Amino acid sequence: MTAFRELATFEVVHGKRSWPWVAFTADRVAFASATHIHTRGLDGPGPSFPLPPDVDLAVFALSSESVAIASREVLAVLDGSAAERKRARIDALLGEGAALSALAFDRTGKRLWLSAETETETVIALVDTTSLEPVGVLRSAALPRPSLHEIHVHPIDDAALVLAACGEEGTFARVVGFAGDEVSAVPGALDAGGIAAGFVGFSADGARVHLAEADELRTHAWPTLHELSSVPLADDFVSSFSGAVLGDDIFVDGDLADSQEDAVMQFDRAAIHGIVLPGPAPSGMWAGRLGALSIVAIEAKGDPSRAR
């Protein structure tokens with residue numbers, strides 16, 4: 001049985017931006033204010049990157065050496081000294097009318113995954129960070145709107161999982177990969193959608209994907225996303241559609257239906273046997289994993305917001 005303990009607290013100033021206004025690397029969290037992107041690790045505050053005054057930030061991503069920022073029209077990459085290295089227009093990269101929904105650096109930090117929508121298509125692209133030239137562009141049928149995209153980079157393969165939360169239509173997924181010479185899509189069981197669910201994490205060996213539904217933890221095979229197992233959550237436990245894989249354990253964030261108290265369920269690596277951990281549970285939204293065994297939780301209200 002594992003209990004959470006608080007390591008640090010800090011304030012997140014987000015300038016009332018639309019969510020998400022955070023991004024993660026393996027050891028840093030970044031958050032965007034009105035004028036800067038700030039970073040922090042487990043050992044304290046890190047470097048800040050001033051935002052170009054002519055880029056109205058919509059989404060951003062962080063690597064160990066760079067920050068990628070995008071407005072609805074422009075994508076730019078800043079290096080470690082906050083100097084702008086390169087910029088390109090979104091419509092030149094993805095096509096006329098493309099609205100960028102999410103971006104993330106690949107495992108090497110040398111390329112960027114982009115996920116976007118037009119009126120008729122979903123567009124996923126891989127872009128070289130030095131030139132901002134497309135490595136490959138994939139187009140598929142439009143997803144139900146409105147949709148909120150997330151890109152989760154696989155820990156071992158040169159691939160990514162693009163999840164789109166599409167309200168009452170459920171959660172849709174696209175699996176894309178880079179084989180060293182071309183970008184390709186992997187047909188999957190969630191291409192046409194599934195039950196509304198949030199990303200919990202990849203298993204340590206990368207062979208499974210864990211998703212939290214309102215009342216179940218469901219595990220899918222990588223990369224086809226066919227279902228391997230599902231297990232009901234505790235009777236009084238309602239998930240917040242989020243969680244984390246920390247070490248060999250799987251954690252699902254949520255609350256107790258009767259008391260509305262924050263609560264966490266812990267499952268073993270098989271994703272079958274779970275228990276509700278004794279409180280107190282971390283309060284706030286689980287924004288992402290920091291390091292191997294820590295998570296960042298952020299209060300949903302306030303500017304600045306309290307992060308733990």
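Asp253 touches Phe237, Ser239, Ser240, Ser242, Gly243, Ala263, Val264, Gly284 and Trp286, leaving aside residues up to four places away in sequence; contact means heavy atoms within 4.5 Å. This is a predicted model: local features need pLDDT of at least 70, side-chain atom pairs count only at pLDDT 80 or more, and totals for chains, interfaces and linings use all residues. Residues are numbered from 1 along each chain as its sequence is written, and side-chain values use heavy atoms, with hydrogens and water left out.

**Asp253**

- Asp253 sits in strand S23, residues 249–256. Strands (E, at least two residues) and helices (H or I, at least four) are DSSP runs, numbered from the N terminus.
- Which side chain of opposite charge is nearest to Asp253? It is Arg308, 11 Å away. Lys and Arg count as positive, Asp and Glu as negative; His and the chain ends are not counted.
- Asp253 is buried and has no salt bridge. Buried means under 20% relative accessible area, exposed over 50%, and partly exposed in between (1.4 Å probe, protein chains only).
- A salt bridge needs a side-chain nitrogen of Lys or Arg within 4 Å of a carboxyl oxygen of Asp or Glu.
- The side chains of Asp253 and Trp286 make a polar contact at 3.4 Å. A polar contact is a pair of N or O atoms within 3.5 Å; within protein, one must be able to donate a hydrogen and the other to accept it, and residues adjacent in sequence count only if both atoms are side-chain atoms.

**Salt bridges**

- Side chains of opposite charge can pair when their charged atoms come close.
- The whole structure holds 14 salt bridges.
- Arg107 pairs with Asp158, with the closest N and O atoms 2.9 Å apart. Arg107 lies in the loop between strands S10 (99–105) and S11 (111–117), and Asp158 in the loop between strands S14 (148–153) and S15 (159–165), so the pair ties together parts 51 residues apart in sequence.
- Arg107 is partly exposed at 43% relative accessible area. Asp158 is partly exposed at 33%.
- Arg218 bridges to Glu213, with the closest N and O atoms 2.4 Å apart. Are these two residues buried or exposed? Both Arg218 and Glu213 are buried.
- A network of salt bridges links Glu213, Glu216, Arg218 and Glu227.
- Asp248 and Arg269 meet in a salt bridge of 3.9 Å, N to O. This pair links distant parts of the chain, 21 residues apart: Asp248 is in the loop between strand S22 (237–246) and S23, Arg269 in the loop between strands S24 (262–267) and S25 (274–276).
- Asp248 has a relative accessible area of 46% and is partly exposed. Arg269, at 48%, is partly exposed.

**Phe31**

- Phe31 belongs to strand S3, residues 29–32.
- Phe31 is buried, at 7% relative accessible area.
- Its contacts, not counting residues up to four places away in sequence, include Phe10, Val12, Trp21, His36, His38 and Phe60.
- The C-alpha atoms of Phe31 and Glu117 are 24 Å apart, and the two residues are 86 apart along the chain.

**Whole chain**

- Of the 308 residues, 49% count as buried.
- Among contacts between residues at least 6 apart in sequence, 40% join residues at least 24 apart.
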